[in-house]
Each structure stands twice: as structure tokens, then as C-alpha cells.
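Please look over the sequence and the model shown below before reading on.

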Amino acid sequence: MNAENPDTLEAEIRRRIALNGPLNLARYMSICLSHAEHGYYMSRDPLGALGDFTTAPEISQIFGELIGLWCAHIWQAMNTPRRLHLVELGPGRGTLMSDALRAIRSAAPRFMASLDVHLVETSPVLRQKQAQTLQTSGLDPFWHDKVGQIPPGPAIFIANEFFDALPIHQYQRSAKGWRERLVTARKGGGFAYGLSPLEAKESDLPPALLNAPEGSIAETSPAREAVLKTIAKRLSRQAGAALIIDYGHIKTAPGDTFQAVMKHEYATPLENPGKADLTSHVDFETLARIAHGNGAAAHGPITQGKFLTALGIEARARSLSGGADPETASEIAAAAKRLTSAEQMGDLFKVLCLTSPTPQPPPPFDLRTRNLAP
Ligand code: SAH
């Protein structure tokens with residue numbers, strides 16, 4: 001407990017609660033993740049074996065490579081615009097972008113020559129890491145705080161494990177109706193959940209869950225919806241596509257998915273504020289609905305396993321293993337399996353594609369298996 005030390009995030013949150021009352025989850029999450037000094041993402045590189053969690057691009061280079069080839073395919077389908085913005089949201093260490101650019105350079109040099117790379121990132125530590133990782137790409141990326149700052153023109157957006165990090169609200173159905181879940185300060189230190197004394201507005205709740213039984217929890221994320229709306233509106237007016245990859249559910253469903261991860265283990269979200277990664281599952285049905293509502297086409301979501309298999313992960317793993325020693329070859333195979341197998345990341349992670357309005361969904365969302373690997 002650090003309630004006594006005035007310099008910790010716990011003390012800062014207690015001060016805010018003492019001043020203005022309990023915080024909703026979105027406020028709590030955004031302080032924990034983005035507080036200028038002690039925010040989780042502001043002060044560290046959370047990725048990899050020594051950090052708190054590992055992501056698909058950190059598991060295998062094939063992940064970023066296949067996404068790069070997918071982008072090259074989209075550029076062709078867009079009739080090879082002379083310039084195109086390749087935008088990544090929350091690029092972590094820059095690994096996905098670096099692997100994508102390497103694959104693009106070798107498979108589609110003309111596409112490479114037409115690219116401007118944009119990274120939407122709030123963390124100064126990770127911006128620095130991204131600059132280092134992308135040094136060898138030969139391209140100078142542009143950094144932005146918000147997706148709305150990307151200059152006009154044809155664009156492809158990539159987001160892997162970005163939407164899960166954006167703040168959510170939770171509502172619980174009590175005997176007296178839906179109430180927002182709040183974070184309160186415990187007397188002796190630490191935090192606990194409480195419920196707002198006010199009934200939630202119906203318009204703040206997911207329409208599909210209004211009649212969920214007593215005790216149900218509903219999650220919403222205006223922050224995610226705002227980012228998605230910005231991208232969808234842009235795609236409705238200017239040519240482009242977006243690929244959103246994350247853990248989550250295909251259909252809106254009740255349930256508490258708010259989670260904390262520290263040193264590769266699940267932790268308690270209200271403990272160690274600012275020291276654990278806080279996320280929740282992404283409601284893909286809501287994202288797809290908002291895309292449609294703002295003039296973009298939404299394709300999928302399909303599972304990550306299906307997506308990577310259709311794009312040719314197995315062939316690429318075999319070709320990478322070709323000249324490798326047996327130990328490396330078995331690591332390559334194990335990494336590919338981790339990304340695709342239903343028991344590991346293959347089913348939990350989903351891929352949603354947005355495009356400018358089109359009669360023809362891009363592969364592999366057209367459900368025909370298309371191998372993009374060379
Ligand atoms: N895409 C990377 C990293 C995922 S971690 C990978 O797959 O490895 C989440 C990333 O989103 C980090 O880079 C984090 O700093 C960034 N991020 C989190 N919240 C953000 C926000 N509100 N705006 C911009 N970037 C954010």
C-alpha cells in the first residue's frame with residue numbers, strides 16, 4: 001500500500017476521489033495508463049520477456065510480414081495510388097511495422113516507394129523505441145498523438161492490440177436498474193468497486209444488452225468508438241482500408257472483461273495502479289456497426305487463426321525454416337502455431353477489416369483462401 005507516499009499514482013487517485021468522489025472505470029483506466037508522470041504506458045516499454053506481456057509481432061516476424069503483403073495487395077486493389085499513408089495505431093516497439101516494411105520492400109518495391117509511414121503513439125518511451133526499430137527501414141516515420149491528425153489522402157490503418165488499451169465504462173444491472181460501476185477508495189488503503197447512486201441513461205448502454213438479467217455487466221467504450229468513427233468517416237470520403245486485430249468477441253455480450261496483466265500473469269485491476277497493463281475485450285459487433293453507420297464497409301471479423309492461415313503463414317514458416325538449424329526450425333513452427341491454434345491466440349483474437357465502400361471484400365475476408373506469401 002502506498003497511500004502514505006504522496007508521489008505514487010495510488011495517492012494521486014485517492015486525492016482525486018477525496019476531491020470529486022468516486023471515479024468511473026474509464027477515468028481510472030486513463031489515469032493508470034496515461035498519467036503524464038506515472039501512467040503505465042508513459043514510463044516504460046511493457047513488451048517482451050522482461051516486460052509484462054507479449055504480442056503477436058513480438059512472437060513471430062511472419063505476423064508483420066503477412067500484414068505488409070496484405071497492405072501491398074490493398075494498394076494494388078486501390079489502383080496503386082502515387083502516395084499512400086501507412087498508419088499504425090499503438091505501434092509498441094515498432095516491430096510489426098518494421099517486419100511489414102521489409103516484406104513490402106522485397107515483394108512490392110513500387111509500393112514501398114509510394115509510402116509515408118505514420119505512427120499514432122502517446123508514449124515517449126515507445127516513440128523512441130519505434131524510432132530505433134525503424135532506423136533500418138530507410139523511411140522517416142511521422143508521429144502523432146491522435147488518429148485525426150493524419151494528413152489527407154489514401155491511407156491504410158493497422159491496429160494490433162491498440163483498441164483493448166482504450167478506456168471502458170462498465171454498467172451493472174442492479175435491482176433498481178442499470179448503474180455505472182465506480183472505483184471508490186477503501187478507508188485503510190486500496191480501492192474497491194461501487195455503483196453509482198444514479199440510474200444510467202439508456203443511451204449510454206449497448207442496445208443489445210438492455211434486457212440482460214439482474215447482476216449482468218455491460219461494457220462500453222466511447223474512446224474506441226471515437227477512434228473508429230474517425231477512421232470510418234475518413235474511409236467514406238478517401239480511398240483506403242483498416243485492419244483491426246485484437247482479443248474480443250464477435251457479438252456484443254454481457255460480462256466483465258476488465259483485466260490487469262503484470263509480468264505475464266493476470267493481476268487485480270484495482271491493485272498497483274500504473275504498474276499493470278489494464279485492458280478489456282473488444283466488442284467487434286459495435287465497431288462494425290459504427291463503421292457502417294459512418295459510411296465505411298466492414299468485413300469480418302474473422303479469427304486471427306483463419307486470417308493468418310489464409311494469408312499463408314504455414315508456407316512462410318516452412319520457407320523461413322528452410323536453411324535453419326533444427327532448434328530454430330522448431331521455434332519458428334511453435335511461434336506460428338501459437339498465433340493460429342484455437343487453444344492459444346488463434347480463436348481469441350479477431351481481425352476486422354474496414355474499407356471504403358466496395359462491392360468486393362478484400363482477401364481473406366471474401367472467404368476464399370488466398371495465399372499472399374511469395
Ligand atoms: N501494437 C503493438 C503494441 C500493443 S500495446 C504490438 O502489437 O506489439 C498498446 C500500444 O498502444 C502501445 O504502443 C501504447 O503506448 C499505445 N497506446 C495506448 N493507448 C494509447 C492512446 N490513447 N493513444 C495512442 N497510443 C496508445
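This is a predicted model: local features need pLDDT of at least 70, side-chain atom pairs count only at pLDDT 80 or more; totals for chains, interfaces and linings use all residues.

A polar contact is here a pair of N or O atoms within 3.5 Å.

**The ligand and its surroundings**

There are 18 residues around the ligand, and those that come nearest are Thr55, Gly90, Gly92, Glu121 and Asn160. For three of these residues a distance to a ligand atom can be given, and the table sets them side by side.

| Residue and its atom | Ligand atom | Distance |
|---|---|---|
| Thr55, N or O atom in the side chain | oxygen | 2.5 Å |
| Gly90, polar backbone atom | nitrogen | 2.7 Å |
| Gly92, backbone N or O atom | oxygen | 3.0 Å |

Taken alone, the ligand exposes 570 Å², of which the protein buries 93%. The place where the ligand sits is the largest pocket.

**Salt bridges**

With a salt bridge taken as a side-chain nitrogen of Lys or Arg within 4 Å of a carboxyl oxygen of Asp or Glu, the count comes to 10 salt bridges. One of them is formed by Glu65 with Arg102, whose closest N and O atoms are 2.9 Å apart. This pair links distant parts of the chain, since Glu65 belongs to helix 4 (residues 61-77) and Arg102 to helix 5 (residues 95-107), with the two lying 37 residues apart.

**Backbone details**

Which form does the peptide bond from Gly300 to Pro301 take, cis or trans? That bond is cis, with omega near 5 degrees, and Pro301 has its place in strand 15 (residues 297-303). A cis peptide bond also joins Pro363 and Pro364, where omega is about -5 degrees, and Pro364 is found in the segment after strand 16 (349-355).

The backbone at His264 deserves a look as well. Phi of His264 is near 65 degrees, which is a positive value in a residue other than glycine, and His264 lies in the loop between strand 11 (259-262) and strand 12 (265-267).

Terms used. Residues are numbered from 1 along each chain as its sequence is written. Side-chain values use heavy atoms; hydrogens and water are left out. A residue is near a molecule or strand if one of its heavy atoms lies within 4 Å of it. A polar contact is a pair of N or O atoms within 3.5 Å; within protein, one must be able to donate a hydrogen and the other to accept it, and residues adjacent in sequence count only if both atoms are side-chain atoms. Accessible areas come from the Shrake-Rupley method with a 1.4 Å probe; for residues, only the protein chains shown count as cover. On a 1 Å grid over the protein atoms alone, a cavity is a set of points where a 1.4 Å probe fits but cannot get out, and a pocket is an open set with protein on both sides within 12 Å along at least five of seven lines; lining residues have an atom within 4 Å of a point. A molecule sits in a cavity or pocket if more than half of its atoms lie within 2 Å of its grid points. Helices (H or I, at least four residues) and strands (E, at least two) are DSSP runs, numbered from the N terminus.
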